[in-house]
Amino acid sequence: MSPTIPLGRQTLTLNGLRFDANLGILEQEKVAPQPIQVDAELNLGPQPLLPKDDDIFHVLDYRKVRRIIIDECTAEHVNLLESLIGKLAQRLLQLPGVLGVRVKIAKLEIFEDCEVAIRIEAGEW
């Protein structure tokens with residue numbers, strides 16, 4: 001009989017990722033990129049408390065996740081925040097081992113007195 005490997009539910013979180021994106025329907029948004037902030041949580045489900053070894057190739061590399069977020073959000077101009085967040089959530093759900101995603105995108109300078117943000121949850125939580 002083999003020993004039971006202890007498991008824990010694992011979530012990969014990237015918070016406060018800031019960069020410029022071509023997003024929006026206002027005139028000033030169409031002529032220049034604007035700063036946005038992306039927060040993302042990826043549900044990786046039950047995982048061994050320790051990976052089988054200390055090799056980055058056996059876990060989800062968060063550098064790759066960061067690059068995907070930036071690439072998806074800067075690939076082209078998108079009018080609606082809802083369109084961008086849906087596209088990003090779909091892409092993150094395609095990563096191997098990802099069961100669910102929670103994504104929040106904030107437009108940081110759209111108004112002088114507030115930021116605007118939208119959040120989506122997809123997959124298993």
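Q: In what sense do strand 2 and strand 3 pair, and over how many bridges?
A: In this predicted model, strand 2 and strand 3, the latter covering residues 100-107, pair in the antiparallel sense, and the pairing runs over eight bridges.

Q: Which residue in strand 3 is the bridge partner of E41?
A: The bridge partner of E41 is R102, which sits in strand 3.

Q: OK, and what order do the strands of the sheet have?
A: The sheet is an open one of four strands, and their order is 1-2-3-4, with antiparallel pairing. The edge strands are strand 1 (7-21) and strand 4 (116-123), each of which pairs on one side only. If direction is ignored, neighbouring strands of this sheet are turned against each other by 10 degrees on average.

Q: Which strands does helix 2 lie across?
A: Helix 2 lies across strand 1, strand 2 and strand 3, and it runs at about 40 degrees to strand 1.

Q: And what about helix 3, which strands does that one lie across?
A: Helix 3, made of residues 81-93, lies across strand 2, strand 3 and strand 4, and its direction is at about 150 degrees to strand 3.

Q: Stepping back, how many helices and strands are there in the chain?
A: The chain has three helices and four strands, and, read from the N terminus on, these elements run β-α-β-α-α-β-β.

Q: New topic: where is D61?
A: D61 is placed in the loop between strand 2 (34-48) and helix 2 (62-74).

Q: Is D61 buried or exposed, and why?
A: D61 counts as buried because its relative accessibility is 17%, and buried means under 20%.

Q: What does its side chain make a polar contact with?
A: The side chain of D61 makes a polar contact with the side chain of R63, at 2.6 Å.

Q: How much of the whole chain counts as buried, then?
A: Of the 125 residues of the chain, 35% count as buried.

Q: Let's do pockets: how much space lies in the largest pocket, and which residues lie nearest its centre?
A: About 300 Å³ of space lies in the largest pocket. Its lining is made by 14 residues, and those nearest the centre are Q10, Q47, H58, V59 and L60.

Q: Which elements give two or more residues to that lining?
A: Those elements are strand 1 and strand 2, and strand 2 gives the most, with three residues.

Q: Last one: what does the C-alpha trace span?
A: Along its principal axes, the C-alpha trace of the chain spans about 65 × 25 × 25 Å.

Terms used
Residues numbered from 1 in each chain as written. Predicted model: local features only at pLDDT ≥ 70, side-chain atom pairs only at ≥ 80, totals over all residues. Heavy atoms only, no water. Buried < 20%, exposed > 50% of the residue type's maximum accessible area, 1.4 Å probe, protein only. Polar contact = N/O pair within 3.5 Å; in protein donor to acceptor, adjacent residues only side chain to side chain. Pairing = 2+ DSSP bridges. Axes fitted to C-alpha atoms, helices over the stretch in contact; angles between N-to-C directions. Contact = heavy atoms within 4.5 Å. 1 Å grid on protein atoms, 1.4 Å probe; cavity = no way out; pocket = protein on both sides within 12 Å on 5 of 7 lines; lining within 4 Å. Points joined across faces, edges and corners; volume = space filled by probe spheres on them.
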